[in-house]
Amino acid sequence: MKVLAAKTKKYWRVFLLLQHVGLMNRMAYRINFFIAFFAVLSNMVFTIIFLRVIFGFVNNFSGWGYYQALVVAATFMIIDGLLWVLCSYLGSISNHIKNGSFDRFLVSPIDSQFFISFWRGDSEDSVRIITGMALLFYAIGHLSLGGEVLLFGKLFLYLILLFNGFLIAYSIFLFLRTFSFWFIDVNSLSGLGNSLFNAAKYPATIFRHKITRIIIFSVLPLAFLATVPAKILTYGFDWILVASSFLVAGIFLWMSRRFWLWGIKKYTSASG
Amino acid sequence: MKKYLAVLKNSFQANLIYRFNFFFYFLSQFISFGILFYIWTSIYYQGGKIGSYELADMIFYYLGAIFIGVVAKGMDVAWQIGDEIRMGQLNAFLLTPINYFWRKFFSFFGGMVFRSFVASLLFITGLYFLAEKFNFQFSLAKISSFLFLVFLSYLLNWLIFYIVGISTFWFGFVWALNYSVQVTANFLEGGLIPLDLLPSWLNMLNNFLPFKYIIFVPVSIFTGRLEITWSIFIIPLVWVLFLYLLAKLLFKVGLKKYEGFGG
């Protein structure tokens, strides 16, 4: 128990240090930092305009009203923001493998998956989290979700499911990136990951066909990223969805970890 | 010209070597199209029209948009050029008797030829099976106008991001500006939603920018929602000329600030 506590403390300190260095790195190019901040903000605004245009013509988006759809979009923004702020460096694994600089992650006295995942974060993307939260509270304000106690309970559960959604998204990205150990130059994998990930921005009920519904809830469980937390918050408790969220998050985290460990065995160090 | 053709050939071969990269890129575009297909199918499930678009029109629009996206936009010009300036690799290019602008142009053009080849095969196949459903009327004027506009779209996109890339001379690092222009362009060119569905004030603003000639105008010509008039070709051509001159000027001025660290 003592060893575990010491290890957790060590990893927490490394994590904080990496975040600090990441912020300093970003602030070295201050103008870029602020341009990116406004670019991210614009991206959020464009998503909202898109939803407004849709709801200008229809009053129901696959069973979701405007404010409920906003909750899904806001949840997606928060998870997206967390991924960028905490582990944006996952995207550059293939570059490190290509030029041999991945060695540094293997020889350090720290877990390689942890190290590369949190190596650098894009601090300016915190605006995604802030905008997402503002949008979430704005949408909640227009929905009747019950009394204060009920709302607090729902929000608490929502936060836990949101964390599960983050773990699933992280696992999918790690899984995709681990392919770099075999295919080397697969920068387009990040584009593929983003395309898939973007599907989570909208309620999963848009996938009407049985097969796509199965895929979106199990093989590629994007439904658990934003739709499930939003559904629990806006529609109420559903123990099957809650239990599935924990199960899927656990399975995907374990699988991506196994795949990662298999992947690093294939690393041959190009030049270093 | 021979030397630039050699650059083009090398770039084409490099794309062939990293086929997996292209495959994944293509797959990502296909998935994006699939997601949009589901979104709009779900919206139209209630029946009716969105603006003047029926479901088939909307699907057809996105098919054209994805095609142009692959052909004209499937590259990160600003990132590559920005890195060459930031890391001092530009020194090596400046010492060779080849113009940097044209060298880069042909280098990216080789990739475009490769992507066009694959994308066209799939686009034509899709069109062959879906033309009747979309009530698509083939006409030589429409097809040739579309192809010319796609070429202009490529030039516009390339020049915009070339300028973003060389702004490294001033910013030091352009990832933020690059991302910012990508996000804005994607929305204002009609990649996310057809522009005629957007609020009128936004369209008014967009009329003073080149973005709508990258996706919305070529696709609307192809789908027959816009009539073929001279202005549709002249305005983007003027934009291309303006951006070309601006790029030349900025590179010249920027070189005076360049210190060549790391090269």
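In chain A of this predicted model, confidence is lowest in helix 10, where the mean pLDDT is 76, and highest in helix 13 (residues 239-265), where the mean is 93. Averaged over chain A, the pLDDT is 85, and 97% of the residues of this chain reach 70 or more.

Chain B also averages a pLDDT of 85, and 98% of its residues score at least 70. Within chain B, the lowest confidence is found in helix 1 (residues 2-17), with a mean of 75, and the highest in helix 12 (residues 230-257), with a mean of 94. Such values guide the reader, for where pLDDT is low, the predicted coordinates should not be read in detail. For the complex, the predictor gives an ipTM of 0.78 and a pTM of 0.83.

The next subject is the contact between the chains. Chain A contributes 35 residues to this contact, and chain B contributes 31 residues. On the side of chain A that touches chain B, the elements giving two or more residues are helix 2 (30-57) and helix 10 (188-198) of chain A. Helix 2 of chain A provides the largest share of that side, namely 14 residues. Sorted by class, the side of chain A that touches chain B comprises 23 nonpolar, 10 polar and 2 charged residues.

Methods
Residues numbered from 1 in each chain as written. Chains lettered and ligands numbered in written order. Predicted model: local features only at pLDDT ≥ 70, side-chain atom pairs only at ≥ 80, totals over all residues. pLDDT = per-residue confidence, 0-100. Helix = DSSP H or I, 4+ residues; strand = E, 2+ residues; numbered from the N terminus. Contact = placed C-beta atoms within 7 Å. Nonpolar A, V, L, I, M, F, W, Y, C, P; charged D, E, K, R; others polar.
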